[in-house]
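Dear colleague,

Please find the structure below, handed over for your files.

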Amino acid sequence: MKQWMLVAACCALTLGGCATQTKSPTAGAEMPNKPADAQSAWQQRQAEFARMSSWRLQGKVGVQFQEQSASFNISWLQTGNDQYEMNIKNPLTGSIVAYLKGERSEVVMQANGKTYKDSNAERLLQAQLGVSLPLDGMKYWVRGIPAPDSPVQQVKLDAQGRPELLQQSGWQVEYSGWKGTDWKALPERINLSRTPDNTKVKVIAKDWQTRY
């Protein structure tokens with residue numbers, strides 16, 4: 001992923017002082033008691049997480065696309081379903097490589113000393129950084145729930161009603177670690193893969209903050 005590496009190197013020099021200050025959400029409100037079984041917990045999890053007004057994920061992302069690969073740190077603040085701010089950081093220096101701010105109809109990205117706009121964040125990331133991320137689905141999948149606007153091809157639950165495997169929109173999402181032990185725990189390790197173009201995305205969540 002030569003384009004990505006070039007951009008990362010350039011932006012580490014030019015955007016090092018452009019860190020965006022975001023207001024951290026506070027811990028979430030209390031949730032209902034433990035559901036009776038895994039399927040009930042799965043339904044309750046989706047209902048409860050749909051009430052989440054904002055969340056913040058800080059962690060690491062690794063991307064493999066065909067014969068190319070890249071890794072970066074990420075700070076993702078999502079408000080509702082349509083508004084977000086995202087800092088993509090150099091994993092070695094911590095400097096900002098790209099900053100994205102998105103709303104329903106437009107996303108603005110600052111990278112390499114320039115400002116880019118598009119109506120589609122995935123297309124913008126691919127075009128400017130060479131990074132392929134399914135952001136429309138990921139804003140739900142990283143929390144361990146399916147996107148509400150497309151059918152689920154398959155879901156496999158663990159004993160607590162959390163997904164072990166989720167298939168949706170051509171992506172297979174596997175969960176191998178959780179920040180907690182009960183049905184409302186947020187994922188710690190997520191592996192996404194799409195077979196036709198041999199794309200793999202690995203997300204390691206170091207810190208979660210949520211607000212209801």
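Predicted model: local features only at pLDDT ≥ 70, side-chain atom pairs only at ≥ 80, totals over all residues.

The protein chain contains four helices and eleven strands. Of its 212 residues, 46% are buried. The chain exposes about 10700 Å², and carbon and sulfur atoms supply 46% of that area. When contacts between residues at least 6 apart in sequence are considered, 48% of them join residues at least 24 apart.

Strand β1 (residues 54-65) runs antiparallel to strand β2 (residues 68-79), and twelve bridges join the two. Within this pairing, Val63 has Ala70 of β2 as its bridge partner. Two residues lie between the strands of this hairpin, and Gln66 there adopts a positive phi near 55 degrees. Strand β2 is also joined to strand β3 (residues 83-89), again in antiparallel fashion, by seven bridges. In this second pairing, Asn73 stands opposite Lys89 of β3. The hairpin of β2 and β3 has three residues between its strands, and Gly80 in the turn shows a positive phi of about 65 degrees.

Helix α3 spans residues 121-129, and its buried residues are Ala121, Leu124, Leu125 and Leu129. Viewed down the helix axis, the buried residues of α3 fall within an arc of 95 degrees, so they line one face of the helix. At the start of α3, a side-chain oxygen of Asn120 comes within 3.0 Å of the backbone nitrogen of Glu122. Just after the helix, Gly130 has a positive phi of about 70 degrees.

Another joins Asp182 to Lys184, whose closest N and O atoms are 2.8 Å apart. Both partners are partly exposed: Asp182 has a relative accessible area of 31%, and Lys184 has one of 30%. In the pair of Asp197 and Arg194, the closest N and O atoms are 2.6 Å apart, and Arg194 is partly exposed, with a relative accessible area of 24%.

With kind regards

Key: Residues numbered from 1 in each chain as written. Heavy atoms only, no water. Pairing = 2+ DSSP bridges. Buried < 20%, exposed > 50% of the residue type's maximum accessible area, 1.4 Å probe, protein only. Arc of directions from axis to C-beta. Polar contact = N/O pair within 3.5 Å; in protein donor to acceptor, adjacent residues only side chain to side chain. Contact = heavy atoms within 4.5 Å. Areas by Shrake-Rupley, 256 points an atom, 1.4 Å probe, with all protein chains shown as cover. Salt bridge = Lys/Arg side-chain N within 4 Å of Asp/Glu carboxyl O.
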